[in-house]
Amino acid sequence: MADDATSRTPGVFELPKVDNATDTRDLLAHAAKDANALKDHFVVDVDAHLSEFAFWSEIVDRIDNDVYRQMAQSFRNRAGSPPGLMNATPGMLYQDMFGRIPHQQRLAEKTGGETHAMVTLVQRAMDSMGIDYMVVLPTPMLVLGMHPQAEIEAALGGAFNKWMVEDMLPQEKRMKNFIYLPFNDPPAALREVEKYAHHPGVVGFMVTSTRYKPVHHDDYMKLYAAIEASGKPITFHSGFHWGDESMKQCNRFLSMHAISFVYYNIIHMTNWVINGIPERFPKLKSIWIESGLAWVPFIMQRLDSEYMMRTSEAPLLKRKPSEYIREMYFTTQPMERENLKLLEATFEAINAESQLLYASDWPHWDFDLPNSITQLPFINEQQKRNILGLNAAKLLNLEVPAHKLGVPRPGPAAMAAQGLAPAAE
Amino acid sequence: MTDVRVARFDEIADGDHRVFSTGKREVGVFRVGDKLFAWENHCPHSGGPVCQGKIFPRVEEALDDEKKSLGLKFSQRRNIVCPWHGFEFDIETGLHPGDPDVRLRKIPVAVRDGDIVLTLPG
């Protein structure tokens with residue numbers, strides 16, 4: 001390399017190409033520059049992910065039932081160590097664009113030290129992006145709702161929750177979780193709520209939207225009552241499923257992916273509102289995750305139009321559907337921002353300044369950085385702060401350091417009088 | 001404008017690329033035959049390290065006389081792919097194949113005495 005040095009101006013150095021062994025901190029080095037400007041902002045990432053198949057042995061060891069645990073463990077001796085009992089279709093996981101996006105393919109970077117590898121990866125991402133709290137959720141399990149065996153969904157969902165809450169969350173207080181609800185087995189889902197309703201690391205309960213279960217079915221009323229009583233939100237995390245008969249008409253992943261994530265949440269939102277779930281459980285808050293935002297004004301207008309003509313079919317409603325939807329919460333990612341006029345109108349429709357929650361979806365290929373919010377030209381500084389973290393802080397009951405509130409910092413005596421902690425210098 | 005030497009010309013193989021930093025600015029240098037192209041290592045989409053990504057041939061779809069698809073094929077054009085989100089840019093023009101308004105920032109590059117010299121703005 002001596003020749004390199006002789007032909008190079010002092011101070012110039014070479015940057016390595018990115019592959020799936022690249023350290024998260026190197027991959028996100030450009031984001032870290034933006035993160036410096038967020039030091040006095042409170043940033044909550046309401047939807048980020050781990051790759052649970054990398055730790056599948058640990059997870060299935062947490063299955064309560066002896067028979068299902070043995071069934072899952074039996075896969076370990078098979079060639080390639082397939083993830084036992086899961087219904088994911090690895091050969092059709094095209095998110096990494098066939099090698100174009102290495103970090104989506106596999107996070108093979110070196111970890112080590114005191115924390116679990118998964119926790120270390122989360123910490124590196126949070127630090128690089130300037131995030132105060134990150135809600136970390138599974139990835140292939142987002143399609144577990146399509147598993148033909150409801151009891152397997154319950155066994156794997158329960159095992160994942162136990163692994164996450166008991167083994168992972170205690171290692172990093174900035175990491176939070178929405179409990180996986182095995183929604184195809186309503187009593188099992190209720191048990192998960194009862195188990196974790198009061199856990200401080202659990203900030204909500206997640207229905208993975210990719211499934212064929214009508215959310216208004218009477219089987220779910222006890223579940224909704226329990227979640228409402230917990231004071232924590234129910235969340236609908238959408239996903240894709242190319243095996244869906246309608247999606248099979250799409251010949252490109254792009255097409256299927258673009259529609260599928262919206263499709264499931266449109267159906268669940270429609271059933272949720274038209275059957276008056278917000279009237280039945282008025283204190284139950286809902287978050288709609290990873291469908292972007294453009295679908296929301298569409299479904300608001302569509303349901304309002306039909307409701308005004310066919311009001312007799314939705315007798316539990318006391319207001320237009322859009323008025324209930326305006327009180328729900330939505331995560332930003334993947335935020336459609338090719339047309340800022342349409343996006344601005346969407347923000348107005350959903351009352352974004354109080355209802356919108358920043359989400360990265362890291363480490364997935366269509367992740368959004370905090371700059372997706374800070375660079376928006378049509379919202380003011382306080383609205384940006386709300387969306388980046390202050391809305392989530394209220395909804396998820398997270399403590400905000402005084403210096404990140406976005407208001408002039410009070411003096412030490414005033415802070416003490418208000419019970420506020422002094423800002424870290 | 002500041003000139004910086006980053007490497008010897010023969011240290012970049014035909015078809016390959018390397019990325020250099022001056023601390024303030026990062027630049028990817030791409031070699032196509034005897035030509036060099038240099039682009040700022042900043043994706044116009046969301047600021048990703050575009051030049052540190054992989055080079056892929058552009059994918060095209062040919063049609064027959066009846067407008068039926070003949071399927072996908074690789075072309076001779078090659079794109080650099082941003083490793084953050086997959087935005088692709090032609091390594092010779094810096095243009096996104098789907099929208100020419102989305103483009104990489106060009107950095108003047110020359111070979112002097114066998115050295116690759118970038119002329120950096122500012």
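Modeller: What follows takes the labels in turn and sets values against definitions. This is a predicted model, in which local features need pLDDT of at least 70 and side-chain atom pairs count only at pLDDT 80 or more, while totals for chains, interfaces and linings use all residues. Residues are numbered from 1 along each chain as its sequence is written, and chains are lettered from A and ligands numbered from 1 in the order in which they are written.

Colleague: What makes chain A as compact as a globular protein of its length?

Modeller: Chain A has 19 helices and 9 strands, these being DSSP runs numbered from the N terminus, with H or I over at least four residues for helices and E over at least two for strands. Its radius of gyration is 22 Å, close to the 22 Å that the globule rule gives for 425 residues, so chain A is as compact as a globular protein of that length; the radius is taken over C-alpha atoms, and the rule is 2.2 Å times the number of residues to the power 0.38.

Colleague: Why is A:Pro138 called buried?

Modeller: A residue is buried if 20 or more other C-beta atoms, placed from the backbone, lie within 10 Å of its own, exposed if 12 or fewer do, and partly exposed in between. A:Pro138 has 23 C-beta neighbours inside 10 Å and therefore counts as buried. A:Pro138 sits in the loop between strand 3 (133-137) and helix 8 of chain A. Leaving aside neighbours within four places in sequence, A:Pro138 is in contact with A:His49, A:Leu50, A:Glu52, A:Phe160 and A:Tyr180, where contact requires C-beta atoms, placed from the backbone, to lie within 7 Å.

Colleague: Why are helix 8 and helix 9 of chain A described as roughly parallel?

Modeller: The axes of helix 8 (residues 150-168) and helix 9 (residues 186-196) of chain A come within 10 Å and cross at roughly 10°. Angles under 35 degrees count as roughly parallel, over 145 as roughly antiparallel, 65 to 115 as roughly perpendicular and the rest as oblique, so helix 8 of chain A is roughly parallel to helix 9 of chain A. Helix 8 of chain A contributes A:Ala154, A:Gly157, A:Gly158, A:Asn161 and A:Val165 to the contact, and helix 9 of chain A contributes A:Ala188, A:Glu192 and A:Tyr196.

Colleague: Which element gives the most to the side of chain A that touches chain B?

Modeller: In this interface, 23 residues of chain A are in contact with 26 residues of chain B, and strand 1 of chain A gives the most to its side, with 3 residues.

How values were computed: Axes fitted to C-alpha atoms, helices over the stretch in contact; angles between N-to-C directions. Contact = placed C-beta atoms within 7 Å.
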